[in-house]
Amino acid sequence: MTTSDWIREAVAKLMPPAQTGAPTARGKAAADAGSARSIDERLDGVVRKSAESLSPRELRHILTGLQSVVDARISEAEAGRRAHAVAHWYAKANAQQRLDCMLLMSEKFAHDPATVKAAQEQYAADLDRGDQAQAEIRLRRALESPRTRLVQRFAAFAQGMRFLVDLRAELLPQLRSEKRLLALDAELESLFSSWFDLALLELQRISWDSPASLIEKLIRYEAVHEIRSWADVKNRLDSDRRCYGFFHPHLPGEPLIFVEVALLDQMADNMIPLLDEAASAVDLDKATTAIFYSINNTQLGLRGVGFGDSLIKRVVEALQLEFPKLRTFATLSPIPGLRSWMARHAARLLEQASPKLRQQLGLAMKTREPSAEQLMAGLDAPAKLDDKSPLRKMLLQSAAHYLQEMDKGGLPLDPVARFHLGNGARIERLNWMADDSAKGARQSYGLMVNYLYDLKRLDKHRDQLAHGKIPMSGGIETLGS
């Protein structure tokens with residue numbers, strides 16, 4: 001038995017037996033009643049309540065294992081080995097046991113209020129003595145919570161980063177109902193922002209010559225336009241295409257985010273040619289335009305860690321080096337929230353439409369005064385609406401309005417618009433029936449939008465957005481007025 005094996009077994013003895021498989025009906029009841037007793041009450045208890053997944057004794061064993069990881073007397077390597085043993089138990093635990101473990105990490109490794117108060121008093125005293133540098137150093141050290149050290153030590157073993165990212169992915173969906181996990185989530189997000197800093201990420205091109213395991217991940221993670229086959233993915237990696245991803249050294253072979261690019265001689269207005277496996281490759285000597293048509297974050301656990309804007313900047317730089325003739329950088333993007341937004345606001349949109357358009361809509365729908373329900377029903381088959389249809393005009397106007405909508409925080413309401421406009425792009429053009437897939441119809445009646453990255457005006461557009469004005473082309477502005 002190696003030293004590592006012995007340590008793993010020793011720490012594992014502190015842990016209750018893990019239960020594999022899906023949670024039972026009783027386990028589900030535990031999720032509903034898990035907040036009946038606090039963690040402190042359960043740790044101080046003797047008998048497990050029926051709704052609880054672990055007995056007080058088993059819960060204390062888990063806490064002891066976690067405390068052994070942050071023991072200040074051991075080396076970082078030893079702490080990493082102990083954390084690995086805890087992670088090994090966690091991998092076999094059921095959903096409720098994992099929740100208990102996360103609650104312990106969140107609640108039992110917080111700052112000690114007395115220590116924080118003493119640190120603040122010491123900081124004020126140091127400032128009074130004019131020792132500002134030492135005051136800040138001492139305060140920083142005092143305010144590092146045991147939870148920070150715990151999470152850092154979990155990152156010390158080979159698969160530790162993978163474990164933490166996956167743990168947060170499990171944690172995030174529970175935050176709405178389980179507020180006790182908020183502190184752990186904030187800790188993880190803060191540390192991930194440092195660990196996944198742009199300086200630590202590597203931009204890599206993904207091509208048909210990349211390892212099959214990596215291409216399989218593209219297929220699995222593609223969420224914008226589903227990859228249907230190996231022929232489909234080969235088309236997306238053809239000579240007139242580029243695919244780039246950000247990679248982290250502690251997650252080898254795992255793209256954190258990737259973007260698919262088509263090199264064309266004009267701005268794309270439809271997904272069909274881009275996904276046509278039989279289409280001939282574009283002559284790269286004539287390519288003047290790079291179209292970003294799919295951007296995918298692959299790790300739910302890294303939500304809130306923003307590196308998408310940096311990816312686009314780096315990709316633009318790489319493309320300019322390889323293809324100096326490129327002049328236009330734009331997207332062909334979905335409008336995921338359009339249809340649901342229209343369903344909620346159809347009555348208002350009708351009220352805001354001009355009298356002439358409302359009259360035309362009434363004639364088209366054979367009614368004197370069209371209702372919200374009639375409008376939504378009339379839009380159910382957008383492919384049948386010709387370019388003179390008042391329903392088509394209404395839909396385009398509504399889409400332009402939607403893309404200019406702000407949320408309560410002053411950000412674009414549509415998530416894709418929020419991303420690209422936040423990066424300095426502007427809304428350039430709406431494209432009719434650009435996505436004829438079932439998903440495209442369900443989200444936006446097949447409409448798609450071009451966001452233009454004018455490299456000389458990115459800062460100007462960000463400033464406009466910061467002052468509550470959506471950057472857009474004259475055509476979109478006219479359509480939405």
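## Cysteines

Cys243 is tucked away in this predicted model: its relative accessible area is 1%, so it is buried. Cys101 reads much like that too, since a relative accessibility of 1% also puts Cys101 in the buried class.

## The chain as a whole

The chain has 481 residues, and 48% of them count as buried. Along the principal axes, the C-alpha atoms take up a box of roughly 75 × 60 × 55 Å.

## Helix H5

H5 runs over residues 76–92, which makes 17 residues. From its first C-alpha to its last it reaches 25 Å, close to the 24 Å expected at 1.5 Å a residue.

Which residues of H5 are buried? They are Glu78, Ala79, Gly80, Arg82, Ala83, Ala85, Val86, Ala87, Trp89 and Tyr90.

## Arg98 in H6

Arg98 belongs to helix H6, residues 95–107. With a relative accessible area of 18%, Arg98 comes in under the 20% cut-off and therefore counts as buried.

Leaving out residues up to four places away in sequence, Arg98 touches Tyr90, Ala91, Ala93 and Glu170. Tyr90 has already come up here as one of the buried residues of H5.

## Where H9 meets H11

Helix H9 (residues 146–154) and helix H11 (residues 182–195) have axes that come within 10 Å and cross at roughly 55 degrees. That makes the two helices oblique to each other. As for handedness, H9 passes H11 in a right-handed crossing.

Which residues do the touching? On the H9 side they are Arg147, Thr148, Val151 and Gln152. Across from them, H11 brings Ala183, Leu184, Glu187, Leu188, Leu191 and Trp195.

## Leu349 in H16

Leu349 sits in helix H16, residues 338–352. Its relative accessibility is 4%, so Leu349 counts as buried.

What does Leu349 touch, setting aside residues up to four places away in sequence? The list is Trp341, Met342, Met394 and Ser398. Met394 is 45 residues from Leu349 along the chain, yet their C-alpha atoms are separated by 8.7 Å.

## Two loop residues with positive phi

Lys366 lies in the loop between helix H17 (355–364) and helix H18 (372–378). Its phi is near 55 degrees, a positive value in a residue other than glycine. Is Lys366 buried or exposed? At 75% relative accessibility, Lys366 counts as exposed.

Tyr445 also has a positive phi, near 60 degrees, and is likewise a residue other than glycine. You'll find Tyr445 in the loop between helix H21 (438–444) and strand E7 (448–452). Here the relative accessible area is 0%, so Tyr445 is buried, whereas Lys366 is exposed.

How values were computed. Residues numbered from 1 in each chain as written. Predicted model: local features only at pLDDT ≥ 70, side-chain atom pairs only at ≥ 80, totals over all residues. Heavy atoms only, no water. Buried < 20%, exposed > 50% of the residue type's maximum accessible area, 1.4 Å probe, protein only. Helix = DSSP H or I, 4+ residues; strand = E, 2+ residues; numbered from the N terminus. Expected span 1.5 Å × (residues − 1). Axes fitted to C-alpha atoms, helices over the stretch in contact; angles between N-to-C directions. Parallel < 35°, antiparallel > 145°, perpendicular 65-115°, else oblique. Left-handed = near helix turned anticlockwise from the far one by under 90°. Contact = heavy atoms within 4.5 Å.
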